[in-house]
Amino acid sequence: MWYLCVFYHRLLDYRKPEVESLADLFSKGLTDLQCNGSLEWKLPKHHHPDSPFHFVNLPSEEIARSVANRSILVKGIFELWGEGSNFEELEESIKSYPDEKQLPYLTSDSTFKITVETFGKVISFEEQTERIRSLSYIPFKGRVNLKNPYHTFWLIETDDYDSNNGLPPIAGKRIFFGREIGTADRKLLPTYQLKSRTYLGPTAMDAEMAFLMANQAQAKSGKLVYDPFVGTGSILVAAAHYGAVTMGADIDIRVVRDGRGPDCNVWSNFKQYGLPMPIGLLRADNNLPPWRSGLKEVFDAIICDPPYGVRAGGRKSGGRKLLKGVIGPYTVPDDKRTGHIPSTAPYSLVECVHDLLDLAAKMLVMGGRLVYFYPVLREDESIDTTFPEHPCFKLVAISEQLLSYRYSRVLLTMVKIGPYTEEIALASKIKHLEFKENHLKWLEEGNLHSAVFSPADNHLNGSGDTKITKDSKARYRGKYV
């Protein structure tokens, strides 16, 4: 059935993938309602592709409600009773909506309220009241209840503004009226905001993004979620909120073991929110994973933000002298093991991602999800679409977030579709070498930080003038939102 999906005007590339992941999650086990990871989408008349208004075909009202209630970027999902370019067209459209679909929600023993929402303009309380009164032709028989109604109806109006107000352009005014199926609860974002977090590090994941990653990974009760670059645990906190069992690892033993004291560490972040503690936090190297050789298909999802060298560079075990063969392998004496911090060496992004994909291919169950960030250097506003591949995985979602005029990060969602074998391992190594040879030099040499933070030369406006003018502020910003 088709529904009106209204998004928050944020993180535009992440909106549809989140809805599709959640629809797939809530339809699993319902063979007649299976979403298969993709949905049909349509735009309202005169609307820009980045508009917050979309029509989406969902298998059932129950699934639509579940998606809306859990989503971070969906403001609401509605059963559309009518739409039009003006209130006369809206009235005609509502009156033509089948009575058998309207009357069950208009009975005398029910309560209701009508919410007026606008996009692109602000209207006064008196104007809102006037619009509600204009709906008198709808045969409401129940009582009004503004606090806890049985049914909530929305009158949503967009204006025919031009493209110079920072919003996606709309060529014509559109008015929607529909019954609320479900709305998002974004109150959890202030609850989990980083500024009130007990233990933070320089790469702690923003709460909104962490919850989006957990939704992409379909975290839920009974699933085991692993983060091989756990840091201060921000991503696992989001997964634990949805009921998942969590586990993490980090190469820095000071982070996973010590933190900043007994009351300020990774564990205290879970305690702060009353969440189940991780079943384990390991000091482990993604380049030399600690799992025994025969162990396979343990995790339901792997979610992480690999170190790609912008805020923090990757590290692996060994030390420069050991890796270069200057010194041989050594054993730490027993009396020095307690406070020993193993030496490490630089860990290039291309090697890091290869090891991550190999780990996920071995340790994820069939149908398990790998969700991770991948950096992209941009040239002439075009995205480099070459992403790491693996024979065991299917790439199901790509969500880009622009962070500067020359750098963006892309959230990749991959689903495991095949078992891990020796033949697959060999094929993945070949793909890795091809990717390493054909991709940009900064992947291997670790030059991403200098590329991102180098002085802005003539890129911004072609004249060398980096000053932001009044006109440039007003333009629609697209993926920067």
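## Strand β7 and its partners

Six bridges connect β7 with β8, and the two strands run antiparallel. The model described here is predicted. One of the pairings between these strands is that of Ile156, whose bridge partner in β8 is Phe176. Strand β5 (residues 111–119) also pairs with β7, in the parallel sense and over eight bridges; here Ile114 stands opposite Phe153 of β7.

Eight of the eight residues of β7 are buried, so the strand is largely enclosed by the rest of the structure. In a regular strand the side chains alternate between the two faces of the sheet. In β7, His151, Phe153, Leu155 and Glu157 point one way, while Thr152, Trp154, Ile156 and Thr158 point the other way, and all are buried.

## The sheet as a whole

The eight strands form an open sheet with mixed pairing, in the order β2-β3-β1-β4-β8-β7-β5-β6. Its edges are β2 (40–42) and β6 (143–144), each of which pairs on one side only. Strands β1 (residues 2–7) and β3 (residues 53–57) run antiparallel and are joined by five bridges; Val6 has Phe53 in β3 as its bridge partner.

Two helices pack on this sheet. Helix α2 (residues 61–70) touches β1, β4 (74–84) and β8 (174–183), and its direction makes about 90° with that of β8. Helix α3 (residues 87–95) touches β4, β7 (151–158) and β8, with its direction at about 90° to that of β4.

## Aromatic pairs and clusters

A search of the whole structure finds 18 aromatic pairs. One of them is formed by Phe78 and Trp154, a tilted pair at 5.2 Å centre to centre with 55° between the planes. Phe78 lies in strand β4 and Trp154 in strand β7, so this pair ties together parts that are 76 residues apart in sequence. Both Phe78 and Trp154 are buried.

Phe211 and Tyr242 form an edge-to-face pair, 5.7 Å centre to centre and with 80° between the planes. This pair links distant parts of the chain, 31 residues apart: Phe211 belongs to helix α7, and Tyr242 to the loop between α8 and β10 (245–250). Phe211 counts as buried at 1% relative accessibility, and Tyr242 is buried with a relative accessible area of 15%. Arg70 lies over the face of Tyr242, at 3.8 Å from the ring centre.

Trp81, Tyr97, Phe112, Phe140, Phe153 and Phe177 form one aromatic cluster. Elsewhere, the charged end of Arg179 sits over the ring of Tyr105, 3.9 Å from its centre.

## Helix α7

At the start of α7, a side-chain oxygen of Asp206 reaches to within 3.2 Å of the backbone nitrogen of Glu208. Just after the helix, Gln218 takes a positive phi of about 60°.

Ser234 is located in helix α8 (residues 234–241). Ser234 has a relative accessible area of 6%, and because the cut-off for burial is under 20%, Ser234 is buried. The side chains of Ser234 and Arg197 are joined by a polar contact of 3.4 Å. Apart from its neighbours within four places in sequence, Ser234 is in contact with Leu194, Arg197, Ala204, Met205 and Ala210.

Conventions: Residues are numbered from 1 along each chain as its sequence is written. This is a predicted model: local features need pLDDT of at least 70, side-chain atom pairs count only at pLDDT 80 or more; totals for chains, interfaces and linings use all residues. Side-chain values use heavy atoms; hydrogens and water are left out. Two strands pair if DSSP finds at least two bridges between them. Helices (H or I, at least four residues) and strands (E, at least two) are DSSP runs, numbered from the N terminus. Contact means heavy atoms within 4.5 Å. Axes are lines fitted to C-alpha atoms, for helices over the stretch in contact, and angles run from 0 to 180 degrees between N-to-C directions. Buried means under 20% relative accessible area, exposed over 50%, partly exposed in between (1.4 Å probe, protein chains only). A polar contact is a pair of N or O atoms within 3.5 Å; within protein, one must be able to donate a hydrogen and the other to accept it, and residues adjacent in sequence count only if both atoms are side-chain atoms. Rings of Phe, Tyr and Trp (its six-membered ring) pair if their centres lie within 6.5 Å; planes under 30 degrees apart count as stacked, over 60 as edge-to-face and the rest as tilted. A charge sits over a ring if NZ of Lys or CZ of Arg is within 6 Å of the ring centre and within 35 degrees of the ring normal.
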